[in-house]
There are 2 protein chains.
Amino acid sequence: MVQRNTDVTAQVHGSHDSAACTMLEVLDRVSGKWAIGILLATAHGPVRFMELERTVKGISRRMLTLTLRNLERDGLLVRTVYPTVPPKVEYTATDIALELYESLTSLTSWAGRHRAAIAAARDAYDRSAE
Amino acid sequence: MVQRNTDVTAQVHGSHDSAACTMLEVLDRVSGKWAIGILLATAHGPVRFMELERTVKGISRRMLTLTLRNLERDGLLVRTVYPTVPPKVEYTATDIALELYESLTSLTSWAGRHRAAIAAARDAYDRSAE
DNA sequence: CTGTATCCTCCGGGATACTG
DNA sequence: CAGTATCCCGGAGGATACAG
């Protein structure tokens with residue numbers, strides 16, 4: 001992360017804009033390199049730890065655990081342990097997480113509409129500066 | 001950002017989920033500690049450099065410049081220089097940026113609906129772990 | 001007023017090895 | 001299988017000084 005700071009809210013508290021405040025609450029929840037990937041992977045039913053490790057390509061075991069813990073802490077995921085041997089653990093998206101996923105589609109639509117324009121703007125900018 | 005990585009897209013290309021891909025394009029655009037604050041500050045008309053420095057509380061001159069450059073590069077802001085002395089520079093949100101702002105409201109609505117639940121989940125989680 | 005140039009700190013996140 | 005424990009590095013971002 002985003003070297004994602006964790007105090008993003010401060011600035012907006014400062015600017016006294018409540019819309020910005022809530023907006024950044026979301027970002028704090030969704031930021032980090034892996035949160036969204038995991039949210040998506042769990043969007044269609046319970047998933048086991050190993051499945052996530054395979055599905056979310058490139059993630060390390062450490063970051064998988066850490067991100068899962070954070071999502072669980074925020075109530076976006078539920079962790080279910082089956083006391084068998086070998087152990088089996090499932091992660092299930094909560095309703096809140098599913099709603100979040102819905103809301104994110106508004107952003108994907110924005111990206112879809114403007115991705116070409118943005119790429120063009122970027123190219124133009126980069127070319128004008130050599 | 002967040003230590004916001006810049007290669008978030010890779011993971012989702014990996015998982016072959018186009019929704020995730022576009023989703024992360026947006027996050028890359030909006031992530032970082034200051035992008036949203038600046039976007040909001042420019043949402044209601046052209047703003048000068050100094051105004052931004054005052055409005056976006058806590059931002060350093062360096063990060064203000066860097067974030068402005070990135071937003072300009074992506075075509076979200078237009079930079080207008082008035083060759084006066086002392087110099088005057090205005091930053092204006094483009095239509096694309098304004099549309100983005102609209103889309104973000106879906107997320108603020110989500111945060112508004114669930115902020116209490118999330119805070120509660122977090123408290124419960126933290127208490128259960130001492 | 002609007003920046004640029006440097007230096008430095010902090011922490012997200014990868015690699016690797018170990019455990020119940 | 002599902003984690004923890006360490007060590008380490010790169011880069012986001014703050015502080016400060018200088019410049020057109």
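Begin by selecting chain A and chain B together: their contact, meaning heavy atoms within 4.5 Å, takes 56 residues from chain B and 56 residues from chain A. The model is a predicted one, in which local features need pLDDT of at least 70 and side-chain atom pairs count only at pLDDT 80 or more, while totals for chains, interfaces and linings use all residues. Residues are numbered from 1 along each chain as its sequence is written, chains are lettered from A in the order in which they are written, and side-chain values use heavy atoms, with hydrogens and water left out.

**The two copies**

**The interface**

Display the surface next. Chain B and chain A bury about 5,300 Å² between them, 62% of it on carbon and sulfur atoms; buried area is the accessible area (1.4 Å probe) that two parts lose on being put together, summed over both.

Now select A:Arg113 and B:Glu99, which form a salt bridge whose closest N and O atoms are 2.8 Å apart. The term denotes a side-chain nitrogen of Lys or Arg within 4 Å of a carboxyl oxygen of Asp or Glu. Between chain B and chain A the count is eight salt bridges.

Turn to the side of chain B that touches chain A. Here α1 (8-15), α2 (18-30), α3 (35-41), α5 (61-73) and α6 (95-128) of chain B each supply at least two residues; helices are DSSP runs (H or I, at least four residues) and strands are runs of E of at least two, numbered from the N terminus. The largest share of this side, 20 residues, comes from α6(B).

**A pair of helices**

Select α6 of chain A (residues 95-128) and α5(B). These helices pack at an angle of about 120 degrees, with their axes 8 Å apart; axes are lines fitted to C-alpha atoms over the stretch in contact, and angles run from 0 to 180 degrees between N-to-C directions. The contact is made by A:Ala121, A:Arg122, A:Tyr125 and A:Asp126 of α6(A) and by B:Arg69, B:Glu72 and B:Arg73 of α5(B).

**The cis peptide bonds**

Finally, select A:Val85 and A:Pro86, joined by a cis peptide bond with omega about 0 degrees. A:Pro86 lies in the loop between β2 (77-82) and β3 (88-93) of chain A. In chain B, a cis peptide bond joins B:Val85 and B:Pro86, again with omega about 0 degrees.
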